[in-house]
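Subject: Structure handover

Hello,

Here is the structure for your files. My notes on it follow below.

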Amino acid sequence: MINCIKVERARHNMSQSDLAEKLGVTRQTIYAIEHKKFVPSTVLALKMASIFGIPVEQIFQLEEQD
Amino acid sequence: MKTQLLPHYFRIPGMVVFILASIPSVIAGFVDAQFYTYETYALLSKHTIYLLDILGILGLAVYALSQDRVYDELLQRLRLEAIKTTFVVSMAVVILSYIIFPDFKIHPSYLINLQVLCYSLLYYIRKNSMPYA
């Protein structure tokens, strides 16, 4: 699953720590999601979408192998 | 859904209890490899030894089952993976020991200690090997 969290963070001028703090997770988790090492739960994905103010499917997109 | 664990502030007391309760075993390990038959334990009553064993296991279990300061779903997955690996390692140790030494017997407290130590160590390693940006 690909995601554009890094782009959205840059658009909102947010560091990984800022986003992690807003979501109540560790910075490692944000790094792992951005680098496709970890797929977040629906709750976390929805929270992220709410912070960025865009639909969740705009942040996460399925790849062919998914 | 988050796994129910003990609050974060239980971590340090758990580790302190484990370390204090393990001191006689560690000293005895250096003095004589034969547990329960050496001079260090001769100073302690049998009941004290059992009490220390139980306290050691409880302390380690409390440490292992306490939350991290920030506890999220990635850490939950790392804990789950550590439990899975611990289960496989325990099975391998017991099966191999029985194959190599047919009369093999292990004290339940050693097995539990081995499992909790293995789990704590694996979780610690996995958690600290997760890179930052």
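In which helix of chain A does A:Glu57 lie? The residue belongs to helix H5, residues 56-59. Please keep in mind throughout that this is a predicted model.

A:Glu57 has a relative accessible area of 55%, and since exposed means over 50%, the residue is exposed. Twelve residues away along the chain is A:Ala45, and 9.3 Å separates the C-alpha atoms of A:Glu57 and A:Ala45.

Chain A as a whole

Five helices and two strands make up the secondary structure of chain A. Read from the N terminus, the order is β-α-α-α-α-α-β. The chain has 66 residues, of which 44% count as buried. Taking the contacts in chain A between residues at least 6 apart in sequence, 56% join residues at least 24 apart.

Two loop residues with positive phi

A:Asn13 is not a glycine, yet its phi is positive, at about 55°. This residue sits in the loop between helix H1 (5-11) and helix H2 (16-23) of chain A. Its relative accessibility is 70%, so A:Asn13 counts as exposed.

A:Lys36, also not a glycine, has a positive phi of about 60°. The loop that holds A:Lys36 runs between helix H3 (27-34) and helix H4 (42-52) of chain A. Is A:Lys36 exposed or partly exposed? With a relative accessibility of 47%, A:Lys36 counts as partly exposed, because the exposed class begins over 50%.

A helix pair in chain B

In chain B, the axes of helix H4 (residues 73-100) and helix H5 (residues 108-129) come within 8 Å and cross at roughly 140°. The two helices are therefore oblique to each other; an angle has to be over 145 degrees to count as roughly antiparallel. The crossing of H4(B) and H5(B) is right-handed.

Which residues of H4(B) and H5(B) make the contact? On the H4(B) side they include B:Leu75, B:Leu78, B:Ala82, B:Ile83, B:Val89 and B:Val93, along with B:Arg79 and B:Glu81. On the H5(B) side, B:Leu111, B:Leu114, B:Cys118, B:Tyr119 and B:Leu122 are among them, as are B:Arg126 and B:Lys127. Sorted by class, the contact of H4(B) with H5(B) has 13 nonpolar, four polar and four charged residues.

Regards

Terms used
Residues are numbered from 1 along each chain as its sequence is written. Chains are lettered from A and ligands numbered from 1 in the order in which they are written. This is a predicted model: local features need pLDDT of at least 70, side-chain atom pairs count only at pLDDT 80 or more; totals for chains, interfaces and linings use all residues. Side-chain values use heavy atoms; hydrogens and water are left out. Helices (H or I, at least four residues) and strands (E, at least two) are DSSP runs, numbered from the N terminus. Buried means under 20% relative accessible area, exposed over 50%, partly exposed in between (1.4 Å probe, protein chains only). Contact means heavy atoms within 4.5 Å. Axes are lines fitted to C-alpha atoms, for helices over the stretch in contact, and angles run from 0 to 180 degrees between N-to-C directions. Angles under 35 degrees count as roughly parallel, over 145 as roughly antiparallel, 65 to 115 as roughly perpendicular and the rest as oblique. A crossing is left-handed if the near helix is turned anticlockwise from the far one by less than a right angle, and right-handed if clockwise. Ala, Val, Leu, Ile, Met, Phe, Trp, Tyr, Cys and Pro count as nonpolar, Asp, Glu, Lys and Arg as charged, and the others, Gly among them, as polar.
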